[in-house]
Amino acid sequence: MRWRAYGEHAALLDCDSLAQTIAAHATVSAARPSGIAELVPGARSLLVAETPGSGALAAVRDLLSGADLEHPPDGEPREITLDVTYDGEDLELVAQDAGVSIEDVVRLHTDAVYTVAFTGFAPGFGYLTGLPEPLRQPRLSSPRTRVPPGSVGIAGEFTGVYPRVSPGGWRLIGHTRTVLFDPRADPPALLAPGDRVRFRSAG
Amino acid sequence: MRALEVLRPGPLALVQDLGRPGYAHLGVPPSGALDVPALKLANRLVGNDEAAAGVECLFGGLRLRATTSCTIAVTGPAVTVEVDGRAVGSHSPVWLAAGQVVAIGAPATGLRCYLAVSGGIAVDAELGSRSRDVLSEIGPAPLKTGDVLPLGTPSLPGGADVVLPTAAPAELVVPVEPGPRAHWFEDLATGLAKTWTVTSESNRVGLRLDGAALVRRDEYAEKELPSEGLLTGAVQVPPNGLPVVFLADHPTTGGYPVAAVVRQASLPALAQARPGTLLRFHSSTKVWNR
């Protein structure tokens, strides 16, 4: 774990693992020192930007230097269940590469409990960690130019849901009708870093 | 209803205010006016709160008709402003009677002019802001002919008199600080200090630059970077070595190394950098050795 400079009013914490990143983010979120302008977890990092002159960066450094990041704060994460129809175009490919049946893919995906590690790519697109090993598969060699909204995909160590139409290279296994992002709603994004997510087969 | 009617939007006219910072963790860019001081000035000239929404007008061509009497002001680089065909000048408050038409010409230098109107543009806010975010497509759609922009309640103009327009220089010197992945690059300060050219691929997401490609150190040559947080002003360097300077509508995470970060005071100048503008990054050598 190491701090790196990020311009005048920010710093990036390089973390050793995704688990450490999640713990660091949870620790800062729980304490939430005043003056934090942005707090952006990544796959192996935590970006902290402060309101100039607030001293929030120094406060976060102090907080994390004394924190036990092997055991993140307990807290009570929100739990969100998403109903999914497992009818994705890449379902067979995923089953083949995993060496299991399509039913097994659905069972593996629905049995796991996921954590929103970070958001990016598009508003409300959460990178969910906790994917069972056989489902950790590469992106498509040629990304789709149009992925329909609500598509549930997998890529590498992550699973996630496309909030709206966009290009994308994740392997698609199903879709949900749940709205992931609505700028007029409060909160606007259904998934925020730290949330727990389960998928339920809607048949 | 107090309103402005769009007769012609020009190449690109967007409603902008000071943006929606604080949502990066949800994947939402900060957005907002790229030349913040220009929007604030225009608002002050018409008696608005500095944070009121105005129109960011890319390369002029905007024509609006007032459905009610109101006060407007146009700021940014020097530009012709006409009311019913009569030149009235930028950088000063101009009173429009109901039915009058204001037209903004192409700026002599720079790219983006800002039109503020008394009461501000009162379209619905999304996530606390009326800014159009071109990357995420949040906020009001780009203006098109026939749009009717509702106006808020006006207050008394502040009474500013003469304000000098800015002129965008043909060559920019941009102060930078080290970014989190500065150590990935060979002789970075020297590379950044060479002359770069702003390309026509640039937009509100970022300024794309052409020049002598930055070179990664051998040990980082093939290294993949897991997605990490991005901020406005980040100088991100894709594998081709040509930097992208992120502006207000930047993605909130990305997978290429951020070599340097532009000082915030330079962002308004970057907002006005036309394609072809020459640009050099400047940093004090001591900061690279920390």
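Tutor: Let's start at Thr110(A). Setting aside neighbours within four places in sequence, Thr110(A) is in contact with Tyr86(A), Phe199(A), Arg200(A) and Ser201(A). Keep in mind that this is a predicted model.

Student: Where does Thr110(A) lie?

Tutor: In helix α4 of chain A, which covers residues 102-111.

Student: Is Thr110(A) buried or exposed?

Tutor: Buried. Its relative accessible area is 19%, and the cut-off for buried is under 20%.

Student: How far apart in space are Thr110(A) and Leu131(A)?

Tutor: Their C-alpha atoms are 9.9 Å apart. In sequence, 21 residues separate Thr110(A) and Leu131(A).

Student: Let's zoom out. How many helices and strands are there in chain A?

Tutor: Chain A has 4 helices and 13 strands.

Student: What radius of gyration does chain A have?

Tutor: It is 18 Å. A compact globule with 203 residues would be near 17 Å, so the value for chain A agrees with that. Along the principal axes, the C-alpha atoms of chain A fill a box of roughly 55 × 35 × 35 Å.

Student: And what share of chain A is buried?

Tutor: Buried residues make up 53% of the 203. The accessible surface of chain A comes to about 9,000 Å². Carbon and sulfur atoms account for 48% of that surface.

Student: Which domains does the assignment give for chain A?

Tutor: Domain 1 is 2-66 and domain 2 is 79-201. In the contact between them, domain 1 of chain A supplies 7 residues and domain 2 of chain A supplies 7 residues. The C-alpha centres of these two domains lie 27 Å apart.

Student: Which residues does the cis peptide bond in chain A join?

Tutor: Asp186(A) and Pro187(A), with omega at about 0°. Pro187(A) sits in the loop between β12 (171-175) and β13 (196-201) of chain A.

Student: What about charges in chain A?

Tutor: Chain A has 18 positive and 25 negative charges.

Student: How much of the contact in chain A joins residues at least 24 apart?

Tutor: Among contacts between residues at least 6 apart in sequence, 60% do in chain A.

Student: OK, over to chain B. How many helices and strands there?

Tutor: Chain B has 3 helices and 20 strands. Its radius of gyration is 20 Å, close to the 19 Å from the globule rule for 290 residues, so chain B is as compact as a globular protein of that length.

Student: What does the C-alpha trace of chain B span?

Tutor: About 65 × 35 × 30 Å along its principal axes.

Student: How much of chain B counts as buried?

Tutor: 56% of its 290 residues. Chain B exposes about 11,500 Å², with 53% supplied by carbon and sulfur atoms.

Student: And the contacts in chain B between residues at least 6 apart?

Tutor: Of those contacts, 77% join residues at least 24 apart.

Student: How many positive and negative side chains does chain B have?

Tutor: 24 positive and 26 negative. The centres of the two sets lie 3 Å apart.

Student: What are the domains of chain B?

Tutor: The assignment gives domain 1 (3-150) and domain 2 (171-283). Their contact takes 28 residues from domain 1 of chain B and 17 from domain 2 of chain B. The C-alpha centres of the two lie 28 Å apart.

Student: Back to the backbone. What is phi of Asp84(B)?

Tutor: It is positive, about 50°, although Asp84(B) is not a glycine. Asp84(B) lies in the loop between β6 (81-83) and β7 (86-87) of chain B.

Student: How does Asp84(B) count for accessibility?

Tutor: Partly exposed, at 48% relative accessibility.

Student: And Leu127(B), what is its phi near?

Tutor: It is near 55°, a positive value in a residue other than glycine. Leu127(B) is in the loop between β10 (112-117) and β11 (148-150) of chain B.

Student: Does Leu127(B) count as buried or exposed?

Tutor: Buried. Leu127(B) has 10% relative accessibility.

Terms used: Residues are numbered from 1 along each chain as its sequence is written. Chains are lettered from A and ligands numbered from 1 in the order in which they are written. This is a predicted model: local features need pLDDT of at least 70, side-chain atom pairs count only at pLDDT 80 or more; totals for chains, interfaces and linings use all residues. Side-chain values use heavy atoms; hydrogens and water are left out. Helices (H or I, at least four residues) and strands (E, at least two) are DSSP runs, numbered from the N terminus. The radius of gyration is taken over C-alpha atoms; the globule rule is 2.2 Å times the number of residues to the power 0.38. Buried means under 20% relative accessible area, exposed over 50%, partly exposed in between (1.4 Å probe, protein chains only). Contact means heavy atoms within 4.5 Å. Accessible areas come from the Shrake-Rupley method with a 1.4 Å probe; for residues, only the protein chains shown count as cover. Lys and Arg count as positive and Asp and Glu as negative; His and the chain ends are not counted. The place of a charge is taken as NZ of Lys, CZ of Arg, CG of Asp or CD of Glu. Domain bounds come from an automatic or database domain assignment.
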